[in-house]
Amino acid sequence: MSFYITTPIYYVNAQPHLGHAYSTIAADVLARHMRQRGEDVFFMTGTDEHGEPVADAAHAQGLEPQQLADRNAERFKALMPRLAISNDFFIRTSDPQHKRRVQEVLQRVHDNGHTYKGMYEGWYCPKCADFKVENEILEGNRCPIHEIPLTREQEENWFFRLSSFQQPLEQLYDERPEFVMPSHHFNEARSFIAQGLQDVSLTRARLHWGVEVPWDPGHVFYVWFDALLNYYTGLGYARDGEDLTSRFWPATYHVIGKDILKFHAVFWPALLQAAGLAIPHHVFVHGFLLGADGRKMSKSLGNVLDPFEVMEQYGTDALRFYLMRDVAFGGDGAVSMEAVKGRYETELANEYGNLASRTIAMVLRYRDGRIPAAGTDPQLAGEFEALPGRVAQLLGEAEATQALELIWQRVRRLNRYVEERAPWQLARDPDQASQLDQTLASLAEGIRALSVLLTAYMPDATARLLEALGSPATDYDAGRFAAQGSGARVQPLAALFPKHGS
Ligand code: MSP
């Protein structure tokens, strides 16, 4: 089955930070998981380069918008391999092919009668590049997201008749309770729609940094329409000489943060309907990462967690693991270097890393480096049996933290198993040889199967461990706990998550 997953495309007026890393890692976990399951996956991320904030930031630095975009898009692109992101394409909205396709689609929306020319006046946030509706504005006419004062703006625009999509959107929400996940965000979007939709401006007359409106060349499209369409346009030119649209459209998952819910859950499906295009299956919404003090991360509060610093100290896998584990996916959560250290030492170094080294060391010592091909412990096997199915189901519902928790319960189970069976005692008694075979086969099989399931979260450490266990396969079927030890030869393994003073 085809599976197309996207991240938000990131504004190039800022440097990449932990929030960007978070969305991208979450999407990567899902993409890798689906590849393991043998799905035909396409995973796209990229940069959102038009609009007022980018033009303003460029001018403030004495640059042309394109120069700033080129410079910062490179930074986002370079971030991807550092985070072990397996994206199949990196889209930039200043790509000429993107611009052409945006014009085609929006021309169709215009031709289908969903636009009109009118005077727009409203409260505008330059940071969001968005007009705010009255009921979301904070006291003192401030932006609900940035808390900065909004400005009163007026201009002649082309409008998109969002209001005429009220009924079709209500129907969409009635028919597809899984369109937005988790469900509290579904309810939020639905009640936004139920309050009544106002038309939105589709073009900007004042700004030049954007995609030109083909039927009214003095205007450019409002950046959000240009940006949302990336999900569709990218498929047209990601592969030279090949159009992937029919293979991957509509998208399976759009992973986004809750700050951009309205655009994805309301504007986007309406726009697609207006253009006669199919609506994606799911919008997966995650919460905000907060500073250790529970407040929004900001440089001035000094509560920012820097992804590069985490990776330098603990590695990429640890950052990925930490973000998926410590902040319940879908909710908000505080993050800090302290908490990274705690999870790293307790869970990665002790519970997982140590289990792996102990198991391999015992196989080397007691069985000459070969995992016994003996039967595994049927009771333990029973405790693992439903796991791959449950993990697949949870990941299919965007429950990346719950899926990881289920896997981790088994990591802890194996640690208890070592203590219960005390292989070092069994090894002293030749009459217990078959018990020892069963114990070692079960332990090795347990960490092997768990590592297959953990591959999507921690691609590097799991690959090293699976290699050392002599069973490198990572297809999802390999995540089943087998009835028999593999019989493979193990290799000594350097600590997967070394402890270090910091
Ligand atoms: N360019 C738009 C998105 C267009 S998508 C068609 C945009 N860009 S952004 O650079 O501001 O990135 C916003 C996204 O980054 C959020 O939706 C979220 O996915 C992620 N995050 C940014 N800060 C975040 C946190 N503090 N916490 C979690 N994620 C956050 O909006």
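Residues are numbered from 1 along each chain as its sequence is written, and side-chain values use heavy atoms, with hydrogens and water left out. Because the model is predicted, local features need pLDDT of at least 70 and side-chain atom pairs count only at pLDDT 80 or more, whereas totals for chains, interfaces and linings use all residues.

The protein is divided into domain 1 (2-286) and domain 2 (336-479), with bounds that come from an automatic or database domain assignment. The C-alpha centres of domain 1 and domain 2 lie 41 Å apart, and the contact between them takes ten residues from domain 1 and 13 residues from domain 2, where contact means heavy atoms within 4.5 Å. The size of an interface is often given as the accessible area lost when the parts come together. Here, domain 1 and domain 2 bury about 1,100 Å² between them, with 68% of this area on carbon and sulfur atoms; buried area is the accessible area (1.4 Å probe) that two parts lose on being put together, summed over both. Of the area that domain 1 buries against domain 2, Val-29, His-33 and Gln-36 supply 50%, more than any other three residues.

Across the interface of domain 1 and domain 2, zero salt bridges are found, a salt bridge being a side-chain nitrogen of Lys or Arg within 4 Å of a carboxyl oxygen of Asp or Glu. Four residue pairs, with both residues at pLDDT 80 or more, are in polar contact between domain 1 and domain 2. A polar contact is a pair of N or O atoms within 3.5 Å; within protein, one must be able to donate a hydrogen and the other to accept it, and residues adjacent in sequence count only if both atoms are side-chain atoms. Helix H1 (residues 18-36) provides the largest share, five residues, of the side of domain 1 that touches domain 2. The residues of that side divide into six nonpolar, two polar and two charged, with Ala, Val, Leu, Ile, Met, Phe, Trp, Tyr, Cys and Pro counted as nonpolar, Asp, Glu, Lys and Arg as charged, and the others, Gly among them, as polar.

Helices (H or I, at least four residues) and strands (E, at least two) are DSSP runs, numbered from the N terminus, and two strands pair if DSSP finds at least two bridges between them. Six strands form an open sheet with parallel pairing in the order S3-S2-S1-S11-S12-S7, in which strand S3 (89-92) and strand S7 (180-181) are the edge strands, each pairing on one side only. Strand S2 (residues 40-48) runs parallel to S3 and is joined to S3 by four bridges, with Phe-89 of S3 as the bridge partner of Met-44. Antiparallel pairing is found between strand S4 (residues 115-125) and strand S6 (residues 151-160), over ten bridges, where Tyr-124 stands opposite Thr-151 of S6. S6 is also joined by two bridges to strand S8 (residues 200-201), again in the antiparallel sense, and Phe-160 stands opposite Val-200 of S8.

Most residues other than glycine have a negative phi, and most peptide bonds are trans. The peptide bond from Met-181 to Pro-182 is cis, with omega near -5°, and Pro-182 is found in the loop between S7 and helix H6 (183-194). A cis peptide bond also joins Trp-249 and Pro-250, with omega about 0°; Pro-250 lies in the loop between helix H9 (245-248) and strand S11 (253-257). Ala-84, which is not a glycine, has a positive phi of about 60° and lies in the loop between helix H3 (65-82) and S3. Asp-368 likewise has a positive phi, near 60°, and is found in the loop between helix H13 (337-367) and helix H14 (378-385).

A search of the whole structure finds 27 salt bridges.
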